[in-house]
Amino acid sequence: MGMQSARSRDLSWRRHAARATAAACAAAAAIALALLGLPLVFGHYYYGLDQTQTNVGLLCAIERLLAQDAPLWLSPAVGNGAPLLTRPEAALFYPVRWLALLLPPDAGASLEAVLHLALAAAGATWLGRTFGLRPAAALAAGLATAFSGSYLDLLLHTSIYPAGGAWLPWVWAAARRALHPGGRAG
């Protein structure tokens, strides 16, 4: 009977920890999205050399091709004749890109970057939890990640840099969780 009770307490603790982790990750993403997305609400966008020359240009080209009913994967209209399918930064199969195509190119490119930084905040929060941080400390670590100079610099670059940077903490956290499925790693 004592063994069953201990197992039940352990399961209850794990569920509580999982809910606390999910809540902290959601809060980190929401705060980062709200703060970084606020300029977009007022019509201000994130511009930088890479952002305007590459990402906004690609969004314009994709929208133009879609308006002409041209096949995106065969079109040599962008990239010195290279089909868009061969260009990783075109991200034709990436759902965040599809969301960006619903908006004007400036807004879509900026929203993509903001969403990726919010995703990075959530991932870094989860990563913090795998290191044993309490939910509030993990939330602070996630926000510190999204608002650090390295990640904020990604707002000005093409879609592939923020996307790659956003998924790094998730990959690291998932690897830590896979190596230590029963609890936090030491």
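This note goes through the predicted model point by point, from the overall fold to single residues.

1. Basis of the note. Because the model is predicted, local features are taken only where pLDDT is at least 70 and side-chain atom pairs only at pLDDT 80 or more, while totals for chains, interfaces and linings use all residues. Residues are numbered from 1 along each chain as its sequence is written, and side-chain values use heavy atoms, with hydrogens and water left out.

2. Overall make-up. The protein has seven helices and zero strands, where helices (H or I, at least four residues) and strands (E, at least two) are DSSP runs numbered from the N terminus. Of its 186 residues, 39% are buried; buried means under 20% relative accessible area, exposed means over 50%, and partly exposed lies in between, with a 1.4 Å probe and protein chains only. The accessible surface comes to about 10200 Å², and 69% of that belongs to carbon and sulfur atoms; such areas come from the Shrake-Rupley method with a 1.4 Å probe, and for residues only the protein chains shown count as cover. Among contacts (heavy atoms within 4.5 Å) between residues at least 6 apart in sequence, 68% join residues at least 24 apart.

3. Helix H4. With 23 of its 26 residues buried, H4 is largely enclosed by the rest of the structure. The end C-alpha atoms of H4 are 37 Å apart, which agrees with the 38 Å that its 26 residues should span at 1.5 Å a residue, the expected span being 1.5 Å times one less than the number of residues. After H4 comes Gly-132, with a positive phi near 90°.

4. The largest nonpolar core. This core has 12 residues in all, including Leu-36, Leu-40, Leu-111, Tyr-151 and Leu-155; a nonpolar core is a set of buried Ala, Val, Leu, Ile, Met, Phe, Trp, Tyr and Cys residues joined through side-chain atoms within 4.5 Å. Helix H4 (105-130) and H1 each supply at least two residues of this core, and the largest share, five residues, comes from H4. Leaving aside neighbours within four places in sequence, Leu-111 is in contact with Leu-40, Leu-99 and Leu-103.

5. The salt bridge. The structure holds one salt bridge, a term for a side-chain nitrogen of Lys or Arg within 4 Å of a carboxyl oxygen of Asp or Glu. It pairs Glu-112 with Arg-97, and their closest N and O atoms are 3.4 Å apart. Glu-112 lies in helix H4 and Arg-97 in helix H3 (residues 95-100), so the pair ties together parts that are 15 residues apart in sequence. Glu-112 counts as buried at 2% relative accessibility, and Arg-97 counts as buried at 1%.

6. Tyr-45 lies in the loop between H1 and helix H2 (49-67) and counts as partly exposed at 28% relative accessibility. Leaving aside neighbours within four places in sequence, Tyr-45 is in contact with Leu-40, Asp-106, Ala-107 and Ser-110. Thr-21, in helix H1, is buried with a relative accessible area of 14%, and beyond its neighbours within four places in sequence it is in contact with Trp-126 and Arg-129.

7. A surface patch. Ile-31, Leu-35, Phe-147 and Leu-152 make a nonpolar surface patch of about 310 Å²; patches are made of residues with over 30% relative accessible area and no salt bridge, like charges being joined within 9 Å and nonpolar side chains (Val, Leu, Ile, Met, Phe, Trp, Tyr) within 5 Å. Ile-31 is found in helix H1 (residues 2-41) and is partly exposed, with a relative accessible area of 34%.
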